[in-house]
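Please look through the sequence and the structure below before reading on. The paragraphs that follow go from the parts within one chain to the meeting of two chains.

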Amino acid sequence: MGTLLDIQELRTYFFLPGYAVRAVDGISFTVQEGETLGIVGESGCGKSQTSMSIMRLVPDPPGKIIQGSINFEGRDLLKISEEEMRSVRGNDISMIFQEPMTSLNPVLTIGFQIAEVLMLHRGLSLLEAQKEAASLLSMVGISDSEERLKEYPFQLSGGLRQRVMIAIAMACQPKLLIADEPTTALDVTIQAQILRLIRKLQDERNMATMFITHDLAVIANFTQRVIVMYAGVIVEDSPVLSLFRKPLHPYSQGLLGSIPVLNEAKRTDQGQRRHLYTIPGSLPDPKRFPKGCRFASRCPKAMKQCWEAEPELVEVEDGRKVRCFLYSPEVRTNPTVSSPEVLAQFGGKTWKAEVQRREKAAKQ
Amino acid sequence: MNQPQKETILKVQRLKKYFPVKAGAFSTKNLILKAVDEVSFDMYRGETLGLVGESGCGKTTIGRCVARLYQPDEGRIYLHPQQSIVETVDLLDLERLSLVEELEQTRIGGVVTKKGLADLQKKITNLKTQADEAAKTTDLLSMDTRALKEARKSVQMIFQDPWASLNPHMIVKDIIGEGPKEYGIQRGMNLDRWVMELLDRVGLPAAAANRYPHEFSGGQRQRICIARALALTPQLVVCDEPVSALDVSIQAQVLNLLISLQEDFGLTFLFIAHDLSVVEFISDRMMVMYLGRAVETSNSEQLYGNPRHPYTQSLLSAVPVADPEYKSEEILLEGDVPSPVNPPSGCTFHTRCRYKTEICTQVRPILEKDKNGHKIACHNPPND
Amino acid sequence: MSTQDTAILREGMTEKAESIWNHNFRRFRKHTLGKTGFAILLVLYLSALFADFLSPYSMSWGDNRKPYHSPSPVSLLYQGPDGTSLRPYTYEFRIDNVALRTYAPVPEHTIRAISYESRLGVNDMRVVATDPTPARRRSTIRTGVIRHYRIAPDSPDMQKVLWALEELEASPDPDARIFIELDPAVSTAGIENARSMVLVKGNKNFLSFFSRGIPYSFLGLFETNRHFFGSDTGGYFPLGTDTGGRDLFSRLLHGSRISLSVGLVGAFITIIVGLLVGGMAGYFGGFIDNILMRFSEVLISIPSIYLLFSLRAALPTDLSSTEVYMIIILILSFLGWPSVARVIRGQVLSIKNEDFILSARTMGLSNMKIIIRHVLPSTLSYAIIQTTLLIPGYILGESALSLLGLGISEPQSSWGLMLAVGRNFRVVNDFPFVLVPGFFIFLAILAWNFFGDGIRDALDPKSKH
């Protein structure tokens, strides 16, 4: 399996009067052919802007990709002309979005919207395109596809609209599918159907997929490798199993700890109501990131040097990269100095204790 | 205080809420959307009842009916119900409902005189008036305006969208203090002190009091909403998807906050959400809804450990678990949720149920206890 | 409550509490076009406010010996007996050719006698003696002064005047002048009236700031006869005169009071009516909504110009100026409120179901309190936008009415009224400066449109961070 997409030091900044927002601040990762990559992070971490940058859909004022290279099949997407980029979009790289109602044109039939892509990229005539569109609709599991071609988006339910979006994205057999929160707006049962559909299409076509989401459960079940983003940088890059078994970065640990676990005892042995593990504080102001590691103000393991310099993304174990001073060799010798406020809030809870608790719960 | 006391604080009976909708853009036909189709449940002091279901199941509508933002078409919502009143009203209501049923039958095809019809109507109206009269001290739906205003102090609500639930033109202090000021509970210095205390309890700095909502993040705004809901020291708080719009880590903070406040203030929560793991975490008991009807009620551990209703089973199996090694048996449901405007006959779930039988298409199942203590509404529940 | 749950939230909060209005004001400041519009409007409205101070003459004073006087040419440097100096002046003109109505300066030997009144409403004296010989000039002036002041030919005042005249004639300075104070007159009510006049030699009118002129009441506070700029001896017409010899510039400024204020007052009434009607229709819905909206649609569908004229014509034409002014405002507001009401109704409909309104209901607030405290403040910005876009139409409406004689009439002044002469092609052809009011109408409308654009861009999008 070769490398399909290779991103190096991508930086996308938003220039507003008086300040700049560093939405994507130096990220590098690769996507292999046929691989499913998940990008997880909370709002403000830059994951959506990453996908927008890949597709070069960043709104030009005020945003700008100021640095980096996006190598797709040997070409740097940031260096080709807009016309060449247009032949890439929808053709080699497709995207599906979160809100199917707003990403489908409400005044055109769905048949026309699918056909449009076919006519543009594969040069089919309208009739040929419509026939192909019908077969695409059945491929995504919509019955009576001939009839459905004439329907408008508002006549379909959320799940069906999302299937139409997938059909449009699949029409030109892309090599990479970027799915930006594709199921957040859908009901649970519909979500399951859509995710299974995407997986089926992936298997059939050996298509690479980038899942962008904040839902860790989706990540756990549908991806092979995960990138965790925080405040515009990658903090952890790891295969999915290792991430869930042993998250390395304190932010990943905190994130995984905050999810309520099913079927766990509600009260401790002392009868106290159990609380969730939380990451204190909130995202720092994107206008003024503090010096040093961006997570330091919320990290229970922050050391003195975390406040002074930003760590690099280094490879730790096989295939796992992390951006944290805890994993650099010099660190072992430095004393641990954490911000006392943060320590007090944690009251001694550690990830190890959390893992133990979960294992106990799973046994019941 | 570890176990919730078994005092019934809210009793909902036979709640119905229908909305008239237009069939199409130019059609004059008026269809009826049965958002809530005869739902009954109780809530006990100090507990959290979780209400789950997918979109269109009616859970939000129930929440708004309890907070008296909608006027239901039928049913009773008792706040601090008294057994004797409930029984009296029940008798009257059931009698009336059977007469209404009769009326419907005769309209469809029966032989009755015009006078007979009018008599029936009059009897029905009389029964309604009698029942309302008996119920009006505790029933939120038949209370007069003044009693209702008093009752509102006891039932408060937290909304889903933190961006839309705060008036952008008012400062936080006024937003939180509006309730107590309206009821004259506190004024001036006392009010300020109370607002500051609330802000502290929900984890916001005192400086927040003079700011405008747009200066805060989503999680902080939700805390302001919680403070506002607590300002009148209610007994029951309806939480309508309070964490759905928040990030995972903020979600955890707010959930923890709700749990602490429940302990400190002795609150009862009606927690409405679609994220099953969140609801399971915070609720003592849960009720699963489908197309306006309750299909299963149980306490949370049992519901998850041993779901009995076929819909609950497939719902739970569809929830992805945040563990890559967890293998769930995938019970896939076919098709989409049917439209609540034209629900299937009998059991509304029968179109997607793999255990359906003849009777399921004709007769609506009643929510009743089975041998495990769950309450389910199913003619043919799958075996354990 | 465990400390773990208390989040320390200092980040993300600005230094000072910033209300929505502050926020929007900051946005407006970035809008260049809007600021330009605002600056122009500020100048126009302040000029209207201080119209009597800023204009050299009063609204209705006219020298009927100077009809269609062209704008006075100003020379900056004065060649006097003491050499050249910076003393701007203009010539005193008189009609040269009656048929063609052309003007030429009066001869250099002219003597003029001009009175200064310090009380409102008193006629002034302006005797221009262009006779070739001093004796004839003396006679002209004597007659004029006696007639105006009603003093006896041999009274001490008259002696003073004649003496001053002799001094003036003998003076080597070709543009000399002498100020004379006569005995104050006592009116029947026992009020003293100061009487002063000036005798001027030569044919120049010197310009200065804070010159003496026709008395007026400054903002209703006190009476004065000082004007911002002009000539102590009159005869200076910055934009020329109209058919009655009235200074166009002064009439322009006084007329701006009416033309500009009609728009503002009308807008104020329109907002109030629009908010009420739209608010009620939107909040209560149903039958009320139906009735109100159908009625407003009827009003909108009638062409506004025709409606304007029909409404005005339906009312009596012989009304006092103030009454006409009020009626014009009322008619214009009547035409304008439907569009505001519709916008407000739309806003109310969308706000009505917002969660914060529902929350107010759970707090036990009554409908009226909810409308006033929660719904209407959110609609205010739209009301303002909609109304500022109506004002240009109001200005035009008033101009149209006055142009056709249905609005403001003589002796008041309004821009539309001043343009009425424009209907005569010959006049426009020969004296194009009478169309200046048209330019100012254009300027005012443009400025309001720019300002309205700026306001709309600043207030419109609801910002969600």
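In this predicted model, domain 1 of chain A and domain 2 of chain A bury about 590 Å² between them, with 54% of that area on carbon and sulfur atoms. On the side of domain 1, the residues that lose the most area to domain 2 are Arg22(A), Glu42(A) and Leu216(A), which together account for 68% of what that side buries. The domain assignment places domain 1 of chain A at 3-223, while domain 2 of chain A is made up of 246-280 + 288-363. In terms of contacts, six residues of domain 1 of chain A meet eight residues of domain 2 of chain A.

One salt bridge is found across this domain interface, and two residue pairs are in polar contact there, both residues of each pair being at pLDDT 80 or more. Strand β2 (residues 19-32) of chain A provides four residues, the largest share of the side of domain 1 that touches domain 2, and by class that side has one nonpolar, two polar and three charged residues.

Turning to the two chains, 42 residues of chain B are in contact with 43 residues of chain A, and the chains bury about 3800 Å² between them, 54% of it on carbon and sulfur atoms. Val248(B), Phe281(B) and Pro324(B) supply 15% of the area that chain B buries against chain A, more than any other three residues. Between chain B and chain A the count of salt bridges is zero, whereas five residue pairs are in polar contact, with both residues at pLDDT 80 or more.

Definitions and conventions:
Residues numbered from 1 in each chain as written. Chains lettered and ligands numbered in written order. Predicted model: local features only at pLDDT ≥ 70, side-chain atom pairs only at ≥ 80, totals over all residues. Heavy atoms only, no water. Contact = heavy atoms within 4.5 Å. Buried area = accessible area lost by both parts, 1.4 Å probe. Salt bridge = Lys/Arg side-chain N within 4 Å of Asp/Glu carboxyl O. Polar contact = N/O pair within 3.5 Å; in protein donor to acceptor, adjacent residues only side chain to side chain. Domains from an automatic or database assignment. Helix = DSSP H or I, 4+ residues; strand = E, 2+ residues; numbered from the N terminus. Nonpolar A, V, L, I, M, F, W, Y, C, P; charged D, E, K, R; others polar.
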